[in-house]
Amino acid sequence: MPLPNLHMTALEITFSLTAPEISTLIHQLSPAIPTITDYTHSHRARLVNPMLSYDAAAIALSFVPAAEAEDGYTYHHLRRDLYDLATSTGVEVASRYVVPSAHLTVARFVNQDDVESEGKVDRGKVA
C-alpha cells in the first residue's frame, strides 16, 4: 500500500456508503475532525501482540489492546472517547466490526480473483 495511504483504524464510523452519503458525514463531522485526529497526541493507548491477518479484501497487521496501561488509559478508553467525539456531532457510528480491533492495513485487493477459489479465501493463494 502506498505510504500516504497507510493508516491505523481506531474507530470505523461507517462503510459501504455512496460518495454523496460520505460527503454528508464529512460535512457533519467537520467541526470535530481536528479534535478527533489529534486526540491520540494526548491520549496514548498501548497495543500488543501484532499478527498478520487477511481476508478476501485486504491484508492487515492486527493488534490487541494491552491489558493494563501505566496511566490506566487503554485502547478501550480511546475507542470510547473517539466514539463520543464522533457522535457528539450527530453522526451515527455504524461500524462493520462489532469486536474492537486495531489494525494497520498493509494491502487491499482490487478484486478477489487472485485470493479466492470457489468463493472462499484460498490460504495457498494468499500465503
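Reply: Happy to. Two strands count as paired if DSSP finds at least two bridges between them; strands (E, at least two residues) and helices (H or I, at least four) are DSSP runs numbered from the N terminus. This is a predicted model, where local features need pLDDT of at least 70, side-chain atom pairs count only at pLDDT 80 or more, and totals for chains, interfaces and linings use all residues. Residues are numbered from 1 along each chain as its sequence is written, and side-chain values use heavy atoms, without hydrogens and water.

Me: In what order do the four strands form the open sheet?

Reply: The pairing is antiparallel. The edges are β1 (8-9) and β2 (47-54), each pairing on one side only. Reading across, the order is β1-β4-β3-β2.

Me: Which residue in β4 is the bridge partner of Ser62?

Reply: Strand β3 (residues 58-65) pairs with β4 in the antiparallel sense over six bridges. On the β1 side, two bridges join β1 to β4 (residues 102-108), and Thr9 stands opposite His103 there. For Ser62, the partner in β4 is also His103.

Me: Which helix has the lowest mean pLDDT among the elements?

Reply: pLDDT is the predictor's confidence in each residue, from 0 to 100, and the protein averages 83. Helix α1 (residues 19-29) has the highest mean, 95. The lowest, at 69, belongs to helix α4.

Me: Is Leu17 buried, partly exposed or exposed?

Reply: Leu17 sits in the loop between β1 and α1. Buried means under 20% relative accessible area and exposed over 50%, with partly exposed in between (1.4 Å probe, protein chains only). Because its relative accessible area is 35%, Leu17 is partly exposed.
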